[in-house]
Amino acid sequence: MAQESKLNPSGMGFLETRTRRAFTVYLPLAVFVFVLLFPFYWMAITSFKPDNELLSREGNPFWVRNPTFEHIHKLLFETSYPQWMWNTLLVSVVSTFASLAASVFAAYAIERLRFSGARHVGLAIFLAYLVPPSILFIPLASVVFQLGIFDTRLALILTYPTFLIPFCTWLLMGYFRSIPFELEECALIDGATRWQILVKIILPLAVPGLISAGIFAFTLSWNEFIYALTFVSSSEIKTIPVGVVTELVEGDVYHWGSLMAGALLGSLPVAFIYSFFVEYYVSGMTGSVKE
Amino acid sequence: MPSAITRSDAAVSEPKGSLLERLQNSRNALGLLFMVPAAVLLLVFLTYPLGLGVWLGFTDTKIGRGGHWIGLENYEFLWGDDVTRLALFNTLFYTVVASILKFVLGLWLALLLNRNLRMQTFFRAVILLPYIVPTALSAIAFWWIYDAQFSIISWTLMKLGWIDQYIDFLGVPWHARLSVIAANVWRGVPFVAITLLAGLQTISPSFYEASAIDGATRWQQFRYVTLPLLTPIIAVVMTFSVLFTFTDFQLIYVITRGGPLNATHLMATLSFQRAIPGGALGEGAAISIAMVPFLLAAIMFSYFGLQRRAWQQGGRD
């Protein structure tokens, strides 16, 4: 039966497959894209709506009649939002670079130096990657407290590597594995030290991997929530996700306009970086689940 | 290969030369030295807290007060606690339903993207957006979308004449459960779709050509070519997806804080509530530790359950 229908396509086959394709491919795809992007549109349109339009059921809510910068102005000049932005940036950048440096050494040692027990250490790194922050935050809060760094940016800078290092190491191990051993052997014969090999041969060849790991780690730290919520309590040290959720949601009347503006402005930096490095990002994501 | 390295190593690190020089070329010493930064950070902030968490679960520690060993008392209390039982049920329901939806929708989206589309890279880039923006912030957008008085979904359905009054998305237990699941699926589908798409793109077109010549229908091609070849990557992706869904915290904390009537409390949000605002660190730690067996079981199930077909690709059963 199947063969028959394949051998005898109907006369209007061209047109039919075209409409068929529109219904089976482009229509579902359009629905997916609409649903996946709608919350962002809604975030954006809400941040520019004046309060009277937000709180009325009249008119078309999908559009804004009198756009206003009132909410964004309020966010930037009447709340600690700029401070949260700075905190998030500082914590993300420092913890990303620290984790990346530690991961480069660890991945090189595990994958290339192959010291005794390297395979077990590699497995341990993978298991560390599987430990979810939501079962770690309570004892970690107690560790942070014992170290006397509770309610400081340092608490976040030191705890974010617990999920960044396993991830980056695992990703970089994959990249290092793809660099031919022969290059290192040649350098060794020419009298290069391991340090020189790492800096002059491996790292330049692993630049795409470093970018992938770096922007992924940056995004993960920018988006981190539970540690920042638990280990920090002063307003001037909070990160954007925690600040928006805990400080802008006060009282009985929700200020949806500034809430949405806060969400939008907090999402823009990662979306911006992401737009430049989509390919690296995708390869980081798919690379992290392979093997 | 490693043996070749070893030999050249030995040649270079002949006894002559300073200590530093020898250190630089000894694989074990240098390997351990290179591991130090990562190892110190992970031991202090990951391994030690994990052990501490297990210990805290057996104590009555409160914030600001050291605890005493109380054996299984925390677990006995939690076993009889209705809220904990409800949270366990919610977590399992949330994980199972959201994971199935993410898998089905993600696979569908991946298959759509794998067609010869114009602007494929554009679609791929746009679809990943929900995954990369901070979850806490997109959760706030969902909170607004689900607002009882001004929900855009209710407004649209009213205008279409499908409902007569605004839906109370977050005020009714089952509505709230399904609403947070929808938000979780929204955030998780891109990850599943893009990783499965990467898997689909590694399948050689010649398999499809061969099966088409043998007269396979589209469904048969999917069932007997795509699915078996995709199984290993499905197993890994779903293992990660289950892991992240089971331990989800942000979405619930932001959208419902566990309400209404604890109907959306997950184990993670409950342990936070008991431990941090409630101050009962020991009890909160016990809830976290209680998640581990379920987590391991879920991982085992999705990983081994889906990998059982390894023999089809020439591996052992």
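The following exercises, each with a worked solution, concern a predicted model.

**Exercise 1.** Describe how domain 1 and domain 2 of chain A are placed and which elements of domain 1 of chain A touch domain 2 of chain A.

*Solution.* Begin with the bounds: the domain assignment of chain A gives residues 9-64 as domain 1 and residues 73-289 as domain 2. Next take the centres over C-alpha atoms, which lie 34 Å apart. Then count the contacts, where two residues qualify if their C-beta atoms lie within 7 Å; 7 residues of domain 1 of chain A are in contact with 6 residues of domain 2 of chain A. On the domain 1 side, α2 (13-47) and α3 (51-54) of chain A each supply at least two residues, and α2(A) gives the most, with 4 residues. Finally, sorted by class, this side has 3 nonpolar, 2 polar and 2 charged residues.

**Exercise 2.** Characterise the length, bend and burial of helix α10 of chain B.

*Solution.* Helix α10 of chain B covers residues 173-200, and its 28 residues reach 39 Å from the first C-alpha to the last, which is close to the 40 Å expected at 1.5 Å a residue. Looking along α10(B), one finds a kink of about 35° at B:Gly188, shortly before the proline B:Pro190. As for burial, α10(B) is mostly covered, with 21 of its 28 residues buried.

Conventions. Residues numbered from 1 in each chain as written. Chains lettered and ligands numbered in written order. Predicted model: local features only at pLDDT ≥ 70, side-chain atom pairs only at ≥ 80, totals over all residues. Domains from an automatic or database assignment. Nonpolar A, V, L, I, M, F, W, Y, C, P; charged D, E, K, R; others polar. Expected span 1.5 Å × (residues − 1). Bend = angle between axes of the 7 residues up to and from the residue. Buried ≥ 20, exposed ≤ 12 C-beta atoms within 10 Å, placed from the backbone.
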